[in-house]
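Reader: I would like to learn how to read the main features of a protein model. Could you take me through one?

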Amino acid sequence: MTTAPAPPHAAAAPPTSAPSPVLDWRIRFGVLSLIWGFSFLLIKVGTEGYAPFQVTLGRLVFGTLVVAAVLVVKRERLPRSPRIWLHLTVSALLLNALPFSLFAYAELSIPSTLAGICNATSPLWGMALSLVALSEDRPSRRRVAGLGIGFFGVLTVLGAWQGFSGLDLGGTVMALLASLSYPIGWIYVRRTLAGSGHSNLSLSGAQLLVATVELAVVTPLFTTFPSHFPVVPLLAIVALGALGTGLAFQLQYALVAEVGPTTAQTVTYFIPVIATGAGVAVLGESLTWSTPVGAVIVLAGAALTQARPRAGVGRGGRGDGDRDGHRASAPSAVAPRQP
């Protein structure tokens with residue numbers, strides 16, 4: 001959920017002139033934060049009436065329809081190269097199908113507040129992975145310190161000093177694995193699709209389409225067709241797809257183009273705050289002191305891992321902090337959410 005991040009396909013899109021937006025970027029930034037923050041609540045509501053795979057499939061269907069409509073309006077075409085479609089099949093799994101499904105399954109047993117905080121660990125995973133997988137990303141003392149602080153925050157959220165008592169280990173692990181899947185996907189996209197010559201919109205539309213097909217194949221193997229269609233969970237799934245995936249994707253790319261990836265990616269730090277507030281206020285989820293305190297520590301560590309040297313850094317050094325959401329490869333995500 002997706003979590004949110006400069007799009008991994010950003011390097012592929014040539015700069016273009018665009019008309020001035022009607023709404024100030026700060027307003028659109030706030031809307032994007034709200035959409036992605038409420039995504040975890042919508043997942044929770046969706047799973048109250050439908051199986052996790054069905055929630056994910058519905059999310060992808062409605063998100064793909066929104067992006068497809070934009071593609072038609074802008075008269076952009078999907079990629080034609082079989083090689084690109086092969087890479088999109090992998091990125092769709094890592095950035096959409098897998099993390100979306102893991103978050104849906106996780107929220108069967110953990111609160112939406114905890115899922116939102118687990119999502120905030122993506123920059124930490126990304127920084128750790130980039131040190132191994134991306135040779136141009138060099139560690140600094142500040143970034144290594146941020147990694148350590150961030151994971152200390154995770155232990156605080158989970159109540160490690162109490163032996164993780166009262167914590168559903170399976171659901172928490174799935175949420176953390178979902179957050180880990182995003183940076184793995186970003187690194188894969190960066191290595192295989194950057195500079196492909198296709199626009200972010202075209203690549204991401206194709207990726208969402210592939211992810212929808214993947215879930216359409218898998219879902220019947222694990223679930224049966226619903227015998228009835230509860231209205232509220234269905235509306236939550238529609239909103240999750242159309243807003244949390246489709247609209248959020250458009251907002252994110254517009255922000256990246258207007259204010260740059262560094263500013264746009266700070267949406268990541270608002271998502272767990274909004275997810276926690278929504279879970280407590282709307283769903284009545286309980287909250288102990290360790291959850292908000294740990295979340296603050298996680299976000300502080302994540303912010304440090306995104307710190308860049310003031311000078312002497314080439315374009316390639318921008319990698320792990322540039323997220324999905326998303327959440328182009330992470331329209332959910334962003335993207336994904338991004339959730």
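Reader: In what order do the elements of the protein chain run from the N terminus on?

Author: Keep in mind that this model is predicted. From the N terminus on, the order is α-α-α-α-α-α-α-α-α-α-α-α. The count for the protein chain is 12 helices and 0 strands.

Reader: What percentage of the residues in the protein chain is buried?

Author: A residue is called buried when its relative accessible area is under 20%. Of the 339 residues in the protein chain, 55% are buried. The chain exposes about 14,400 Å², and 69% of that area comes from carbon and sulfur atoms.

Reader: How do α6 and α12 pack, roughly parallel or roughly antiparallel?

Author: Helix α6 covers residues 141-158 and helix α12 covers residues 290-305. They pack at an angle of about 165°, and their axes are 7 Å apart. The two helices are therefore roughly antiparallel to each other. The crossing of α6 and α12 is left-handed.

Reader: Which residues make the nonpolar surface patch of about 390 Å²?

Author: Such a patch joins nonpolar side chains within 5 Å, using residues with over 30% relative accessible area. Here the residues are Val22, Leu23, Ile27 and Val31. Val22 lies in the segment before α1, the helix at 25-46.

Reader: Is Val22 buried or exposed, and why?

Author: The cut-off for exposed is over 50% relative accessible area. Val22 counts as exposed because its relative accessibility is 84%.

Technical notes: Residues are numbered from 1 along each chain as its sequence is written. This is a predicted model: local features need pLDDT of at least 70, side-chain atom pairs count only at pLDDT 80 or more; totals for chains, interfaces and linings use all residues. Side-chain values use heavy atoms; hydrogens and water are left out. Patches are made of residues with over 30% relative accessible area and no salt bridge: like charges are joined within 9 Å, nonpolar side chains (Val, Leu, Ile, Met, Phe, Trp, Tyr) within 5 Å. Accessible areas come from the Shrake-Rupley method with a 1.4 Å probe; for residues, only the protein chains shown count as cover. A salt bridge is a side-chain nitrogen of Lys or Arg within 4 Å of a carboxyl oxygen of Asp or Glu. Helices (H or I, at least four residues) and strands (E, at least two) are DSSP runs, numbered from the N terminus. Buried means under 20% relative accessible area, exposed over 50%, partly exposed in between (1.4 Å probe, protein chains only). Axes are lines fitted to C-alpha atoms, for helices over the stretch in contact, and angles run from 0 to 180 degrees between N-to-C directions. Angles under 35 degrees count as roughly parallel, over 145 as roughly antiparallel, 65 to 115 as roughly perpendicular and the rest as oblique. A crossing is left-handed if the near helix is turned anticlockwise from the far one by less than a right angle, and right-handed if clockwise.
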